[in-house]
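Subject: Structure handover

Hello,

Here is the structure we discussed.

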Amino acid sequence: MVKHQPLQVYEKQVFVSFVTGIYGCRWKRYQRSQDESSRWECTWFVILCSSFLLLLFWAYFWLMARNDFNDFNWLVYNRSGEWRDETMPILASTTVGFSYVTFLLILALFHISLGQQLNLYWVHKIGVLATLLTTISGFIFVDDLWGDEWDILLASLQYTAPFLHLGALVTVTAISWLVAGYVVRRERSNIQVMVLFIYIVVLLALFLAPLTFTCPCIMDRHSLKPRPSVIGRRGAPMLAPENTVVSFNRALQHGASSLEADVTISVDGVPFLMRDHTLRRTTDVTKVFPARQYEDASFFNWTEIRSLNAGQWFLESDPYWTVASLTAKERSRIGNQTVCSLVEMLRLAAKANSSALLNIHKPPPEHPRYRSWFMDTLRAVQKAGIPLKRVRTVTWTPDTDRGRVRGLHQTTSEKLSVEAIRQRGITSLTLHYSKASHKELREYLANNVSVTVYPVNEPWLYSILWCSGVPSVSSDAPHVLRKVPYPIWLMSQSAYNFIWMTSNLVSLAIVIGVFFFQNYHMIRWRMSGMQNYNPEHIMLSAVARRSSRDVNIMKEKLIFSELNNGLSSTEELSLYPENGYVRYSHGGLSR
């Protein structure tokens, strides 16, 4: 009777099956391999890593660009002619794509740590490639439509750089385990030297990165300037239709110290508030005057403009997803809003003892009020009864016309030198947050030049400008900034230096410890030899396309180690690699 007894024991590997099954659809043990990954699969791993980094950058951009979502939708409207929230599908697709690629990357890293061969399933390859191409298309689209928005990344780094640095340092430190395993546990090659060199360069760059940071909120808290005043930009357009009486009232209720509006001159010389060149987006002109819906708003007379509804569009389109929070009374009031005149807005500001910032749109040359638009504006200011010192104007006109607007405080949206500001007689600047650096803002303020920064809708941006000493900001969300009584974070330079140096030392100690442990573990394994390993607890690769030389040597050592340990001459030791196990029987040795 022939007895067969397996020499090795296969233990259940549920986690390994889960990892290899989802990543490469290799659920069975015989489908897996611990051989070297092919160059093709290594290339797909590089593509996966590239997709992750690109999506990480893309997701960060949209997280920071939330400050300007309204401007993005407005640009899309000007191109397509239809008003809708285009940010929602972008955010949804970004979330899905980033989650998918991140999950696959985690599985790939588990493959590497467990010594499993990479073999990305073809369905995932299509998914990763589709995600990568979609993200690249998104970059091209944003650069074409909204290219100036990339500047928000530089502005956001003033706020997020210390935290991004710590996150990157933790990630690179954790990766040291994989790098050490790849470099130490294999025979030396040029690729290993290159990987080690790149890793060391990246680690050193992270150690020194804070030297390049410019963070306004790293400062002595005793040097913090007073809280910047908030200007209601077109009122409170997230809570009510922009440039309407109810919108300006909501802004004042939420602590706005001033009101900002876009002024257009009607064909009969009445200044009214309208941001767009046409009336299509914010009124029902398509129903009342369908034949004139694409006509410039300034070519309507005041009677025609006043007959339009300027609130129903807000309830129907819900541009900021806030309509659900309105009461029935508020919805009724918003639904009955008409286009607001400049006089109405200024009287409201005067009653609230606040000031006004006017963005005056000069009529086109063929307009009847082309030469008298500034006198129409002055008459409206005088009629409203508000002191001239409380009114600032931003006129999108050459300097020759700017000097004709007498009696009003004049500001500009151009970034000028201090000398040019004094020569032109400008009293203040109204700048986009991306146009002035922290150093330039300090220079303006040191020379008594008042600066208003727009648009500031997110607490993180408001905190940066507060730390920079900016006296006022223009915001679409005064109700949000009202909830920021203090900068989100503020830290002294000495405290940050301590955190910086401590994190560097801890990271360096962990990396050195990981490399030492991996190297020590490998040396012990090599010195111990195969004789100390119990063959019953060694798990060989079940089925591979081609057995590696190391696996064959291990199999032969298992056979001869059993012979040397006292197997009788009547016992037969057999190896069946195609079945994935070793066995022996009586009757002699066979292979």
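A patch here is built from residues with over 30% relative accessible area and no salt bridge, with nonpolar side chains joined within 5 Å. Please keep in mind that this is a predicted model.

Surface. Phe15, Phe18, Phe103, Ile106, Phe110 and Leu114 make a nonpolar patch of about 510 Å². Helix 1 (14-24) and helix 4 (87-114) each supply at least two of its residues, and helix 4 gives the most, with 4. Phenylalanine 18 sits in helix 1 and is partly exposed, at 39% relative accessible area.

Cavities. The whole structure holds 3 cavities of 30 Å³ or more. The largest has a volume of about 80 Å³; its lining comprises 7 nonpolar, 3 polar and 2 charged residues, among them Trp313, Met274, Glu242 and Arg275. Glu242 also belongs to a salt-bridge network with Asp276 and Arg281.

Salt bridges. The count is 17. In one of them, arginine 234 meets aspartate 262 at 2.5 Å, N to O. This pair links distant parts of the chain, 28 residues apart: arginine 234 is in the loop between strand 2 and helix 8, aspartate 262 in strand 3. Arginine 234 is buried at 7% relative accessibility, and aspartate 262 is buried at 3%.

Aspartate 376 and arginine 369 form another, with the closest N and O atoms 2.8 Å apart. Here aspartate 376 is buried, at 3%, whereas arginine 369 is partly exposed, at 22%.

Regards

Notes:
Residues are numbered from 1 along each chain as its sequence is written. This is a predicted model: local features need pLDDT of at least 70, side-chain atom pairs count only at pLDDT 80 or more; totals for chains, interfaces and linings use all residues. Side-chain values use heavy atoms; hydrogens and water are left out. Patches are made of residues with over 30% relative accessible area and no salt bridge: like charges are joined within 9 Å, nonpolar side chains (Val, Leu, Ile, Met, Phe, Trp, Tyr) within 5 Å. Accessible areas come from the Shrake-Rupley method with a 1.4 Å probe; for residues, only the protein chains shown count as cover. A salt bridge is a side-chain nitrogen of Lys or Arg within 4 Å of a carboxyl oxygen of Asp or Glu. Buried means under 20% relative accessible area, exposed over 50%, partly exposed in between (1.4 Å probe, protein chains only). On a 1 Å grid over the protein atoms alone, a cavity is a set of points where a 1.4 Å probe fits but cannot get out, and a pocket is an open set with protein on both sides within 12 Å along at least five of seven lines; lining residues have an atom within 4 Å of a point. Grid points are joined across faces, edges and corners, and a volume is the space filled by probe spheres set on the points. Ala, Val, Leu, Ile, Met, Phe, Trp, Tyr, Cys and Pro count as nonpolar, Asp, Glu, Lys and Arg as charged, and the others, Gly among them, as polar.
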